[in-house]
Number of protein chains: 2
Amino acid sequence: MTKNIEDASVLPYHMLHTMLRVRDLDRSLAFYCDALGMHELRREDYPEGRFTLSFIGYGDEATNSVIELTYNYDDEDYSHGTGFGHIAVAVSDIDAAFERLTRMGIKALRKPGPMTYTATNGQRDVIAFVEDPDGYRIELIEA
Amino acid sequence: MTKNIEDASVLPYHMLHTMLRVRDLDRSLAFYCDALGMHELRREDYPEGRFTLSFIGYGDEATNSVIELTYNYDDEDYSHGTGFGHIAVAVSDIDAAFERLTRMGIKALRKPGPMTYTATNGQRDVIAFVEDPDGYRIELIEA
């Protein structure tokens, strides 16, 4: 039975995932799990649709938002537009995290340091950027 | 003092946000807050850098992943590549949620229904797609 659409319980209530298309699941899992510390939570194969989904994150999907990696059997390389920016993850020691990642061969885009500008409320996070195997930008924020 | 980079505590531990660049913050907040039920958690102005950040989501950033909307004062329209796919949110009654959103004038991309294909493990979510004001795709999943 469909709920009354005026009822607030009809509203979405949880951010489930951000979906990224990737060219090589093993390569992506090495990056997101081995390097970034996520876990593969589930994997679904859709041979009829010629794609596989891998859900990766820091904890259970019921309470955490995760990344959905989509591997399409037949696609070529993907393009990066200018709209989507990045995914940010929290680190407790950004210098140590950055050193660990770059020693593993992860591509660095920006060394750790304060944001270029300070917000009018005084906020100025310490950040770094690395690149995933498909060229998506990952921000590290010391928190 | 920098930690030993071999220590697992160096790994990132939380997915903070997904960043999307938008052309009109008020228009985006009407979509994500009024229609999708998120809340604006904080806003930071960086007049020197000529941008404003708005963090929106379903709960506190310490335990939830959120969306970072970036408004750059000077940018033109953004392009959508083929790599980034969408952001998915959970709804308890997808027919009611979809009806509510479309009655609000939200652009529908796919009506509610089961995924086109069934996974080999039997998974076949009931999904719908709508479009945000900048053309980003938002998936509704009944969960």
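Two strands are taken as paired if DSSP finds at least two bridges between them. In the predicted model examined here, strand E6 (residues 107–114) of chain B meets this condition with strand E7 (residues 126–131) of chain B, the two pairing in the antiparallel sense over 5 bridges. Within this pairing, Gly113(B) is positioned opposite Ile127(B) of E7(B). E7(B) is also joined by 5 bridges to strand E8 (residues 137–142) of chain B, and these strands run antiparallel. Here Ala128(B) faces Leu140(B) of E8(B) as its opposite residue.

The relation between the two chains was examined next. Chain A is superposed on chain B by a rotation of 180° with 0.0 Å of shift along the axis, at an RMSD of 0.0 Å. The two copies are therefore related as by a two-fold rotation axis. Gly81(A) is the residue of chain A that comes closest to this axis, with its C-alpha at 1.9 Å. Of the interface residues of chain A, 99% are also interface residues in chain B, so the copies meet through the same surface.

In soluble globular proteins, nonpolar side chains tend to be buried together. The largest nonpolar core of the model has 64 residues, and the members with the most contacts inside it are Tyr32(A), Ile67(A), Tyr32(B) and Ile67(B). When residues up to four places away in sequence are not counted, Ile67(B) touches Met15(A) as well as residues of chain B, including His17(B), Thr18(B), Leu20(B) and Tyr32(B). Further contacts of Ile67(B) include Met38(B), Phe55(B), Ile56(B) and Ile87(B).

Over all chains, a search of the whole structure finds 11 aromatic pairs. One of these, formed by Phe84(A) and Tyr136(A), is edge-to-face, with 6.3 Å centre to centre and 75° between the planes. The pair links distant parts of the chain, 52 residues apart: Phe84(A) belongs to strand E5 (residues 84–91) of chain A, whereas Tyr136(A) is in the loop between strand E7 (126–131) and strand E8 (137–142) of chain A. With the limit for burial at under 20% relative accessible area, Phe84(A) counts as buried at 12% relative accessibility, and Tyr136(A) counts as buried at 2%. In chain B, the rings of Tyr46(B) and Phe51(B) have centres 4.6 Å apart and planes at 15°, so this pair is stacked. Tyr46(B) counts as buried at 0% relative accessibility, as does Phe51(B) at 13%. Ring pairs also link Phe84(A), Tyr136(A), Phe84(B) and Tyr136(B) into a cluster.

Charged groups are also placed over aromatic rings. In chain A, the charged end of Arg137(A) sits over the ring of Phe129(A), 4.7 Å from the ring centre. In chain B, Arg42(B) lies over the face of Phe55(B), at 3.7 Å from the centre of the ring. Phe55(B) is also one of the residues touched by Ile67(B).

Asp93(A) is located in the loop between E5 and helix H2 (94–103) of chain A. With a relative accessible area of 8%, Asp93(A) is buried. Its separation from Thr70(A) is 23 residues in sequence and 31 Å in space, C-alpha to C-alpha.

Notes: Residues numbered from 1 in each chain as written. Chains lettered and ligands numbered in written order. Predicted model: local features only at pLDDT ≥ 70, side-chain atom pairs only at ≥ 80, totals over all residues. Heavy atoms only, no water. Least-squares fit on C-alpha atoms with pLDDT ≥ 70 in both. Contact = heavy atoms within 4.5 Å. Helix = DSSP H or I, 4+ residues; strand = E, 2+ residues; numbered from the N terminus. Core = buried A, V, L, I, M, F, W, Y, C linked by side-chain atoms within 4.5 Å. Buried < 20%, exposed > 50% of the residue type's maximum accessible area, 1.4 Å probe, protein only. Phe/Tyr/Trp six-rings, centres within 6.5 Å; stacked < 30°, edge-to-face > 60°. Lys NZ or Arg CZ within 6 Å of the ring centre and 35° of its normal.
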